[in-house]
Amino acid sequence: MTLTNRTKVVSNKQMTFVESLYLPAIFAGMWITIKHVFRKKITIKYPEQKREIADIYRGQHILKRDEQGRERCTACGLCALACPAEAITMIAAERIAGEEKLYREEKYAKVYEINMLRCIYCGLCESACPKEAIFLTQKIVDAEYTREAFIYGKDKLVEPIDMDKRIDVSKRQTDKVLKFKQLKHERHNI
Ligand code: SF4
Ligand code: SF4
């Protein structure tokens, strides 16, 4: 059964003397290569050079702190539930007296891990989070030598407490999302 109309009849004709030298074919191939040397390069010397990427590029995740430096994540597990790659795991713990300045809610993620090898950077965890605690960023996940090194814990995910080093995620909030959050009866981030 014919699958396509593309057929090529194989010729059994004898090569001429010039063809049997292969030189014309070699020079034709080299001419194609030489032409490409002078064309504009489409590759860049990464990591020295980096391409411009979109403000809402979906790269490495960050766990946000609030204005007072407290971790926003309340270990509700919605991000893990939404994750199609099952890349997120966490262990919840109860905030004890004296930890109010560390954690925003009474429950927090004692352990929070993302397996960057499993992650497909779909952003569903960001969309699912009711506390605006997890965002993807423009940072590209570093290359590593072992599989274990790609499991990112809180040490790599939680943003710095220093206000100057905080990650600005305001550009990830579309007008539609911002309008939604202005509806008091609909607000999810309280
Ligand atoms: S970006 Fe997608 S795949 Fe990656 S952790 Fe979030 S939900 Fe899972
Ligand atoms: S990051 Fe958001 S969705 Fe995930 S556990 Fe924390 S609060 Fe819940």
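How many nonpolar, polar and charged residues make up the shell around ligand 1? The count comes to 13 nonpolar, 1 polar and no charged. Keep in mind while browsing these views that the model is predicted.

**View 1. The surroundings of ligand 1.** Here we look at the 14 residues that surround ligand 1. The closest of them are Cys 83, Ala 85, Cys 119, Cys 122 and Cys 125. As noted above, no charged residue takes part in this shell, and the polar class has 1 member.

**View 2. The surroundings of ligand 2.** Ligand 2 has 13 residues around it. Cys 73, Cys 76, Cys 79, Cys 129 and Ile 134 are the closest. Sorted by class, this shell holds 10 nonpolar, 2 polar and 1 charged residues.

**View 3. The largest nonpolar core.** This core has 20 residues. Which of them touch the most other members? They are Leu 63, Cys 73, Cys 79, Ile 88, Cys 125 and Ile 134. Strand S1 (61-63), strand S3 (107-115) and strand S4 (134-136) are the elements that give two or more residues to the core. Of these, S3 gives the most, with 4 residues.

**View 4. Cys 79 and its contacts.** Let us zoom in on one residue of that core. Setting aside neighbours within four places in sequence, Cys 79 is in contact with Ile 88, Cys 125, Ala 128, Cys 129 and Ile 134. Three of these partners, Ile 88, Cys 125 and Ile 134, are also listed with Cys 79 as core residues that touch the most other members.

**View 5. An open sheet of 3 strands.** The strands follow the order S2-S3-S5, and their pairing is antiparallel. Which strands lie at the edges? Strand S2 (88-94) and strand S5 (151-152) do, each pairing on one side only. S2 and S3 are joined over 7 bridges, and one pair to look for is Ala 92 with its bridge partner Ala 109 in S3. S3 and S5 are joined over 2 bridges, where Ile 114 has Tyr 152 in S5 as its bridge partner. As background, strands of a sheet pair through backbone hydrogen bonds, either parallel or antiparallel.

View 6. Tyr 46 and Pro 47 are joined by a cis peptide bond, with omega about 10°. Pro 47 sits in the loop between helix H2 (23-37) and S1. Ala 75 is not a glycine, yet its phi is positive, about 55°. You can find Ala 75 in the loop between S1 and helix H3 (78-82). Is Ala 75 buried or exposed? Ala 75 counts as buried because it has 23 C-beta neighbours inside 10 Å, and the cut-off for buried is 20 or more. Tyr 121 is not a glycine either, and has a positive phi of about 55°. This residue belongs to the loop between S3 and helix H4 (124-128). With 17 C-beta neighbours inside 10 Å, Tyr 121 counts as partly exposed.

View 7. Our last stop is Lys 179, found in helix H6 (residues 175-182). Lys 179 has 10 other C-beta atoms within 10 Å, so it is exposed. From the C-alpha atom of Lys 179 to that of Ile 34 the separation is 56 Å, and the two residues are 145 apart along the chain. Zooming out, the protein chain has 6 helices and 5 strands, which run α-α-β-α-β-β-α-β-β-α-α from the N terminus on. The radius of gyration of the chain is 27 Å, well over the 16 Å that the globule rule gives for 190 residues, so the chain is more spread out than a compact globule. Along the principal axes, its C-alpha atoms fill a box of roughly 90 × 45 × 35 Å. Buried residues make up 15% of the chain. Among contacts between residues at least 6 apart in sequence, 73% join residues at least 24 apart.

Conventions. Residues numbered from 1 in each chain as written. Chains lettered and ligands numbered in written order. Predicted model: local features only at pLDDT ≥ 70, side-chain atom pairs only at ≥ 80, totals over all residues. Core = buried A, V, L, I, M, F, W, Y, C linked by C-beta atoms within 7 Å. Buried ≥ 20, exposed ≤ 12 C-beta atoms within 10 Å, placed from the backbone. Contact = placed C-beta atoms within 7 Å. Near = placed C-beta within 6 Å. Nonpolar A, V, L, I, M, F, W, Y, C, P; charged D, E, K, R; others polar. Rg over C-alpha atoms; globule rule 2.2 N^0.38 Å. Pairing = 2+ DSSP bridges.
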